[in-house]
Structure formats: structure tokens, C-alpha cells
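This report describes one protein chain from its atoms.

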Amino acid sequence: MCRFKTLIIFVTVFVVLEDKAGAQGESSTRYKNVIVMVGDGMGLAQVSAARLHKGRLWIEDSDDYGFSITHSLDNFVTDSAASATALASGFLVPNRHVATHSDGEPIPTILELARTMGKRTGLVATSRVTPAPPAAFAPHVNDRGEEYVIAEQLSHSEVDVLLGGGWDKFLPRKQRVVSSDVSAKLHGTRGDGRDLVEEMMEKGYRFVRTAAELESVKSPGRTLGLFYPESMPRVTRGRSPSLAAMT
């Protein structure tokens with residue numbers, strides 16, 4: 001009975017675009033914030049199933065709503081790399097491509113365009129932060145399986161807030177001694193010996209790894225939160241924050 005409901009409410013990625021002027025208290029005649037919420041695998045069939053299970057949905061009472069074409073260019077069955085790229089950029093691409101055209105050329109995403117407009121950006125995932133759905137908004141690779149490359153690109157993406165699971169792709173197999181002991185007890189699966197957490201901290205990111213540490217973040221600033229080595233658990237208690245808390 002609950003399978004459809006779980007599928008609908010399981011959110012893979014949030015992209016939050018915040019206007020810096022509005023966040024600083026200055027007047028703004030335009031929108032202040034934009035949130036793009038992606039439910040992995042959420043199509044018309046899943047929405048219809050949710051309506052049959054729950055009744056009238058809140059989206060039916062929205063003033064404006066529409067549909068987005070997200071199909072793959074090379075396969076009858078669209079994977080989440082191609083569909084997420086369509087949502088993030090407006091371009092249709094082959095399966096497995098993450099924000100790149102068929103020829104490998106990078107595609108600008110809504111998150112990257114927002115940054116050029118002077119907006120702060122955030123990427124929040126209940127999965128690892130390196131799979132195709134969240135990755136399609138910042139990194140650019142031709143194969144969604146290149147998660148170590150995606151992690152490296154995320155570390156250089158200038159995303160202001162990055163929260164989710166998947167610290168294994170950011171940390172080396174044998175954890176090096178770092179200048180701060182905040183990540184000293186963690187180890188990952190990178191074979192190149194790089195500690196992307198430490199590299200991001202050197203660029204001014206604060207690193208949090210528990211729900212309590214995230215709750216303690218009160219001031220604006222660049223924040224990296226990796227709360228689990230893989231995807232975050234569905235029931236978040238103790239160490240891992242809830243989706244609502246991350247949002």
C-alpha cells in the first residue's frame with residue numbers, strides 16, 4: 001500500500017538558487033529564491049498512482065504547472081542521467097550523459113547560469129551527491145559511472161552549499177593526516193590519494209558530517225555536508241539529517 005507513496009515523496013535532489021541581494025536584506029523587485037525539486041523516477045504514471053492512493057494532490061491546486069519532455073536521444077527507456085540533464089539544461093542527450101551533448105561538449109545548467117547572475121547556489125541530495133540526478137546540475141561527464149570524476153568536479157564547482165551522502169567518493173582509501181581533524185576519522189574509496197574534503201576546506205568550505213553539526217551552522221557561508229559513505233538512509237535518525245533539515 002505504501003510503495004507508491006514512498007516513490008513519490010523520495011526526493012533525489014534539490015537545487016536552491018538564492019538571490020544574494022535579497023539574502024542580505026536589500027530590496028529586490030524580482031523573485032528571491034528558486035527551488036528545483038526532482039523526484040527520481042517521478043513521471044505521470046507515478047503521479048497518477050499517488051493520486052489514486054492519497055486523493056487530490058497539492059500540485060493540482062497550484063496556480064501554474066506544466067510538463068517537461070525529458071526523453072533520451074538514443075534509447076526508448078530514458079535513464080536518470082539523460083532526464084536530469086533535460087531538467088537541468090533544457091537539452092535532450094543520450095543515456096548516461098551528464099550535462100554533455102552527444103559529442104561530449106558541456107551544457108550550461110540552470111545552477112551554473114544562476115551563479116553567473118550573482119546568486120548563491122545549493123545542491124542537496126538524499127542519495128550520494130555524485131550519481132546522475134544531482135550531478136547533472138553542475139559536473140559534466142559523458143558517463144554517469146565516473147563518480148570519482150564527478151566528485152572532483154563538484155569540489156571545483158563553486159556550489160555554495162553541497163549536502164548529501166557519498167563521502168567515499170571524496171576521500172582516499174587511506175585517510176591522510178589533515179590540518180583539521182574534522183575528517184581525520186573518515187576514509188573513502190578514492191585510489192588517487194586525493195582528499196577532496198580537505199581541498200574544499202582549504203577553499204573556505206566548512207565541513208559537517210552529522211545532523212547536529214548541520215544544525216549548528218547559523219551564518220551564511222560555503223558548507224559541505226557529507227553524512228554517509230553511500231546514499232543516506234531512508235529513515236534519518238541520529239547522525240544523518242532529514243531532507244527538511246538539509247533544505
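How many bridges join β3 to β4, and in which sense do the two strands run? Four bridges join them, and the strands run parallel.

## Basis

This is a predicted model, in which local features need pLDDT of at least 70 and side-chain atom pairs count only at pLDDT 80 or more, while totals for chains, interfaces and linings use all residues. Residues are numbered from 1 along each chain as its sequence is written, and side-chain values use heavy atoms, with hydrogens and water left out.

## Strand pairing

Helices (H or I, at least four residues) and strands (E, at least two) are DSSP runs numbered from the N terminus. Strands pair if DSSP finds at least two bridges between them. β4 covers residues 161-165, and Leu162 in this strand stands opposite Leu123. β4 also pairs with β6, again in the parallel sense and over four bridges; here Leu163 stands opposite Gly225 in β6.

Four of the five residues of β4 are buried, where buried means under 20% relative accessible area, exposed over 50%, and partly exposed in between (1.4 Å probe, protein chains only). In a regular strand, side chains alternate between the two faces of the sheet.

## Nonpolar cores

A nonpolar core is a set of buried Ala, Val, Leu, Ile, Met, Phe, Trp, Tyr and Cys residues joined through side-chain atoms within 4.5 Å. The largest has 31 residues, and Leu154, Phe170, Leu224 and Leu226 have the most contacts inside it. At least two residues of this core come from each of α4 (80-89), β3 (119-128), α6 (132-135), α7 (147-155), α8 (196-202) and β6 (223-226). A second, separate core has seven residues, including Val124, Leu163, Phe227 and Met246.

Contact means heavy atoms within 4.5 Å. Beyond its neighbours within four places in sequence, Phe170 is in contact with residues including Ala151, Leu154, Leu162, Arg194, Met200 and Leu226.

## Loops and surface

Ser240 lies in the loop between β6 and α10 (243-246) and is buried at 5% relative accessibility. Not counting residues up to four places away in sequence, Ser240 touches Ala211, Phe227, Tyr228, Met232 and Pro233.

The loop between α4 and α5 holds Ala99, which has a positive phi of about 55° although it is not a glycine. Ala99 counts as buried because its relative accessibility is 0%. Arg96 lies in the loop between α4 and α5 (110-116) too; its phi is near 80°, also positive in a residue other than glycine.

Trp58, in the loop between α3 (44-54) and α4, is exposed because its relative accessible area is 63%. Ile35, Met37, Trp58 and Ile59 make a nonpolar surface patch of about 450 Å². Such a patch joins nonpolar side chains (Val, Leu, Ile, Met, Phe, Trp, Tyr) within 5 Å, from residues with over 30% relative accessible area and no salt bridge. Areas come from the Shrake-Rupley method with a 1.4 Å probe.

## Salt bridges

A salt bridge is a side-chain nitrogen of Lys or Arg within 4 Å of a carboxyl oxygen of Asp or Glu; by this rule the count comes to 14. Asp143 and Arg96 form one at 2.7 Å, N to O. This pair links the loop between α6 and α7 to the loop between α4 and α5, 47 residues apart. Arg194 and Glu152 meet at 2.8 Å, N to O, linking the loop between β4 and α8 to helix α7, 42 residues apart. Arg194 is partly exposed at 21% relative accessible area, as is Glu152 at 27%.

Salt bridges that share partners join Arg51, Arg56, Glu60 and Asp61 into one network.

Note on methods. Patches are made of residues with over 30% relative accessible area and no salt bridge: like charges are joined within 9 Å, nonpolar side chains (Val, Leu, Ile, Met, Phe, Trp, Tyr) within 5 Å.
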